[in-house]
Amino acid sequence: MTRVRLENVTKVYGSVIAVDHVSFEVESGELFTLLGPSGCGKTTTLRIIAGFEVPEEGKVYFDDEEVTFLKPYLRNTAMVFQNYALWPHMTVYDNVAYGLRIRRKQLGLSEEDIRRKVKWALELVKLEGLENRYPLQLSGGQQQRVALARALVVEPRVLLLDEPLSNLDAKLRIEMREEIKRLQKKLGITTVYVTHDQLEAMSISDRIAVMNKGKLLQYGAPREVYFRPINLFVADFLGRGNILYGEFLGWENEYALVRIPDLDADILGVSPHKDLPSKVAVVIRPEIMKITESRVPRDNYIVGKVDLVMFLGDRVEVRLSTSKTSLVVYLPNTMYPTVGQELKLVAPKDNVIVIPARWE
Ligand code: ATP
């Protein structure tokens with residue numbers, strides 16, 4: 001099992017800083033995801049770990065060994081690409097065996113060893129029986145499994161997955177992300193996963209690093225980055241949130257008190273920051289608000305009129321007009337709110353997030 005550590009890594013292409021002083025550590029056996037919008041530097045970071053790119057600045061370590069300048073084939077990583085990059089003229093068996101055959105002498109493998117390992121890898125990804133097919137005779141999901149088997153068969157120290165599910169349809173994507181998570185845990189292989197899909201990242205990862213414009217903004221467990229985002233970019237990228245701007249008035253025990261002109265109210269919330277500037281933003285996720293009959297002192301009370309109702313199957317989404325703004329609220333799918341109806345809601349202060357009103 002291998003730990004991966006990046007220290008102050010910077011990669012520049014001409015005038016573009018693709019990766020800007022990025023540092024993080026992936027624990028051994030962990031599934032660590034780089035999450036961010038297109039062009040934020042995720043793939044470049046992954047390629048630096050693989051050794052396909054050498055950073056201008058900074059260092060990369062596998063355990064305590066520095067690998068910054070080590071050739072890719074000496075690192076024993078395996079990468080799965082978005083487009084799978086299978087050899088079209090080779091059968092499934094030969095595609096999976098390829099990585100072993102080129103290292104055959106180095107690893108001292110017989111044809112029988114290779115056969116055994118390929119069988120093991122194909123069983124792992126549930127592709128037994130398809131050994132003699134060519135990639136074009138497989139579905140997208142099956143091709144993706146071949147790519148995964150080809151990566152796993154060499155028993156890499158680090159598995160690198162670059163948007164591995166983005167070419168699959170929505171249903172298959174959910175199925176495959178479950179399978180990748182199971183496999184990764186079963187094999188205990190240190191994995192770095194790249195995606196721009198926040199749901200995929202939250203569902204699959206032990207920890208997530210959120211990137212934007214080459215910078216790593218925050219990393220932590222999915223719940224941590226979701227419930228304690230350090231800035232507006234992270235809060236907004238990781239889910240829906242009603243963002244309201246206001247003035248920080250001070251602390252009431254561990255809660256930050258904020259005057260929100262748009263709600264004509266003072267709101268209490270928690271913050272990942274010990275110090276807050278006077279201009280802050282309050283993030284209220286749509287699912288934390290609950291219907292309430294009575295007003296509880298020192299909790300956040302919000303009253304509004306239903307403006308729009310959308311039934312989404314697993315929940316009801318409501319647009320709520322308050323005096324000066326409008327909020328998105330998720331209600332249980334057993335409720336039947338109607339347009340024009342008044343709703344009284346509580347937004348529990350432990351789930352309301354207060355952060356500086358900054359996106360960077
Ligand atoms: P995507 O999800 O679209 O692949 P990403 O987050 O993986 O995006 P990168 O591919 O790492 O982002 O790119 C980061 C920045 O570096 C982008 O502005 C990109 O245009 C630039 N870049 C990446 N590779 C090169 C290259 N070989 N030459 C020049 N610029 C590059």
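**Exercises on a predicted protein–ligand model**

Residues are numbered from 1 along each chain as its sequence is written.

**Exercise 1.** Determine which helix gives the most to the shell around the ligand.

*Solution.* 
1. The residues around the ligand (C-beta atom, placed from the backbone, within 6 Å of it) include Tyr13, Val16, Lys42, Thr43, Thr44 and His196.
2. At least two residues of this shell come from each of strand 2 (16-26) and helix 1 (42-50); helices (H or I, at least four residues) and strands (E, at least two) are DSSP runs, numbered from the N terminus.
3. Helix 1 gives the most, with three residues.

**Exercise 2.** Describe how helix 2 and helix 5 pack.

*Solution.* 
1. Helix 2 (residues 92-102) and helix 5 (residues 140-152) have axes 7 Å apart, at an angle of about 30 degrees; axes are lines fitted to C-alpha atoms over the stretch in contact, and angles run from 0 to 180 degrees between N-to-C directions.
2. Helix 2 is therefore roughly parallel to helix 5, as angles under 35 degrees count as roughly parallel, over 145 as roughly antiparallel, 65 to 115 as roughly perpendicular and the rest as oblique.
3. In contact (C-beta atoms, placed from the backbone, within 7 Å), Val92, Asn95, Val96, Tyr98 and Gly99 of helix 2 meet Val146, Ala149 and Arg150 of helix 5.

Note on methods: Predicted model: local features only at pLDDT ≥ 70, side-chain atom pairs only at ≥ 80, totals over all residues. Contact = placed C-beta atoms within 7 Å.
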